[in-house]
Amino acid sequence: MPQIVFLGAGSVVFTRQLLADLFRFDDLPPLRIVLHDIDAERLAVASGTAEQVAARFGRTAEVVATLDRREALAGADFVINMIQVGGIDATRIDLEVPAAAGLLQTIGDTTGVGGVFRGLRTFPVLSGIAADMLDLCPDAWFLNYTNPMAMNVWWMSVVAPSINTVGLCHSVYWTVHDLCELIGVPLEGTHYRAAGVNHQAWLVEWSRDGEDLYPLLREAIERDPELRRRVRVEIFERIGFFPTETSEHSSEYLSWFLRSPEQIERFRLRPLEYLGISEENVAEFEHAKAALAAGEPLELEEGAAEYAPQVIHSILTGTERVIHANVVNRGLIGNLPEGAIVEVPSRVDADGVHPLPFGDIPSQGAALNRSYLSVAELAVEAARTGDPALVRRAVLADPNASSSLTPEQLWALCDELTARHASRLPVALGGTLASDTLSRNL
């Protein structure tokens, strides 16, 4: 019986949707679903969710819930990672402390100061997971959803290069879905390819029946001037290719948008937006807990098209498909650094995930990607070497941070964030997390 492990299963909405997408496949064998979280209450809700979703789809599944990570990983075939180290409290620190210093972010989970510190507190837990996997399930596929995606997959490639690690994100699919809706063209039957880095890949090809669809997008923008008040449209008009993450995310990856009140108003941005999203997630957890207790059906999203269920289905059934995946750049994108984590089309079949060489991406897109990758590289190197100066240099390399604060201010900000996150950061980087605790659940 194939065993699928959910790490961070207490992320109940995401767990619910992944399970629904998985159980929609009617040709899968009976599955063993193992749920792990460090929060017993959330784990209980996840377990009840899994039981209900399996029953609603009429699927045979053994559902196991455990607070013990090693117990969860023993014999795993697939490990889906959704952990959020520090939870909503750490997210508040990532967003509110920089904002008080004059550095605004919207989401703060991918790059920049929020992404760096989110990565630094996630790396020790990833190291522990990797050690457990090498011991208990060395051939399992590690399917990562946890942000910062590029940093986390990069870290796994450093500490456990033999593990089959793939980063999965639905941003490319939903970008194309929404663009097709905007121009009135059905998604089904379109051909698209994107490449770059996670949350900042570029829709290089987008066509239907051999017809380039970009002219229709430009016409839609001309008809609706309000579209020019969206960050992604501004990026598209300046760069020439559409970026594959929301305007809210994309605004904090560049120096163009959050640096002044005028730009924030012009592009309809809401700094610290992720705090509201996080509060909504907490409320949804409470709603799910109450619904399960009352025996009520949970709401299931139709057609979420998440990649992890597709990868599992392809490997278990031999069904071939193409997804976009985050993997180590080994000759995949010629004008991005070798060894960095890139997002490229990938073929999936019974033998696993096979990234497809893309060649060079548009030079102007690669230029922006390199800034993003520099932040990730320095953060990974800071953790690998235990050099706290590299943490500050990673933040300094971020366009939004360096356009908002002086180097002296960024150093002071990193000092404060280090102090606030100390219990989850290694001693070498100024935290209090001793080396013998790095492999434990946090």
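Visitor: What makes up the lining of the second largest pocket, counting the elements that each supply at least two residues?

Guide: Helix 6 (149–159), strand 6 (164–168), strand 11 (321–328) and strand 13 (352–355) do. Helices here are DSSP runs of H or I with at least four residues, strands are runs of E with at least two, and both are numbered from the N terminus. A word on the ground rules: this is a predicted model, in which local features need pLDDT of at least 70 and side-chain atom pairs count only at pLDDT 80 or more, while totals for chains, interfaces and linings use all residues. Residues are numbered from 1 along each chain as its sequence is written, and side-chain values use heavy atoms, with hydrogens and water left out.

Visitor: What makes something a pocket rather than a cavity?

Guide: On a 1 Å grid over the protein atoms alone, a cavity is a set of points where a 1.4 Å probe fits but cannot get out, whereas a pocket is an open set with protein on both sides within 12 Å along at least five of seven lines. Lining residues have an atom within 4 Å of a point. The second largest pocket has a volume of about 310 Å³, and of its 17 lining residues, Ile163, Thr165, Val327, Val328 and Arg330 are the closest to the centre. Volume means the space filled by probe spheres set on the points, which are joined across faces, edges and corners.

Visitor: How many residues of that lining are nonpolar, polar and charged?

Guide: The division is 12 nonpolar, four polar and one charged. Ala, Val, Leu, Ile, Met, Phe, Trp, Tyr, Cys and Pro count as nonpolar, Asp, Glu, Lys and Arg as charged, and the others, Gly among them, as polar.

Visitor: And which residues line the largest cavity?

Guide: Leu103, Gln105, Thr111, Gly112, Val113, Glu252, Tyr253, Asp398 and Asn400. The largest cavity has a volume of about 40 Å³, and its lining divides into three nonpolar, four polar and two charged residues.

Visitor: Why does Arg208 count as partly exposed?

Guide: Buried means under 20% relative accessible area and exposed over 50%, with partly exposed in between (1.4 Å probe, protein chains only). Arg208 is at 23%, so it falls in the middle class. This residue lies in strand 8 (residues 200–208). A polar atom of the Arg208 side chain is 3.2 Å from the backbone oxygen of Pro186.

Visitor: What makes that pair a polar contact?

Guide: A polar contact is a pair of N or O atoms within 3.5 Å; within protein, one must be able to donate a hydrogen and the other to accept it, and residues adjacent in sequence count only if both atoms are side-chain atoms. The distance of 3.2 Å meets that cut-off.

Visitor: Why is Asp209 called exposed?

Guide: Asp209 has a relative accessible area of 74%, which puts it in the exposed class. It sits in the loop between strand 8 and strand 9 (211–212). Most residues other than glycine have a negative phi, and most peptide bonds are trans.

Visitor: Which peptide bond is cis?

Guide: The one joining Asn147 and Pro148, with omega about 5°. Pro148 lies in the loop between strand 5 and helix 6.

Visitor: What makes helix 6 mostly covered?

Guide: Eight of its 11 residues are buried, including Met149, Trp154 and Trp155. Helix 5, strand 5 (141–144), strand 12 (341–349) and helix 14 are among the elements covering them.

Visitor: Which residues of helix 15 are buried, and what do they pack against?

Guide: Leu390, Val391, Arg392, Ala394 and Val395 are buried. They pack against helix 5 (112–136), helix 14 (363–385), helix 16 (399–404) and helix 17 (407–420). Asp387 caps the N-terminal end of helix 15, with a side-chain oxygen 2.9 Å from the backbone nitrogen of Ala389.

Visitor: What makes a set of residues a nonpolar core?

Guide: The members are buried Ala, Val, Leu, Ile, Met, Phe, Trp, Tyr and Cys residues joined through side-chain atoms within 4.5 Å. In the largest core, of 118 residues, Phe6, Ile33, Ile80 and Val116 touch the most other members. Helix 5 gives the most to this core, with 10 residues. Leaving out residues up to four places away in sequence, Val116 touches residues including Met151, Val391, Ala394 and Val395, where contact means heavy atoms within 4.5 Å.
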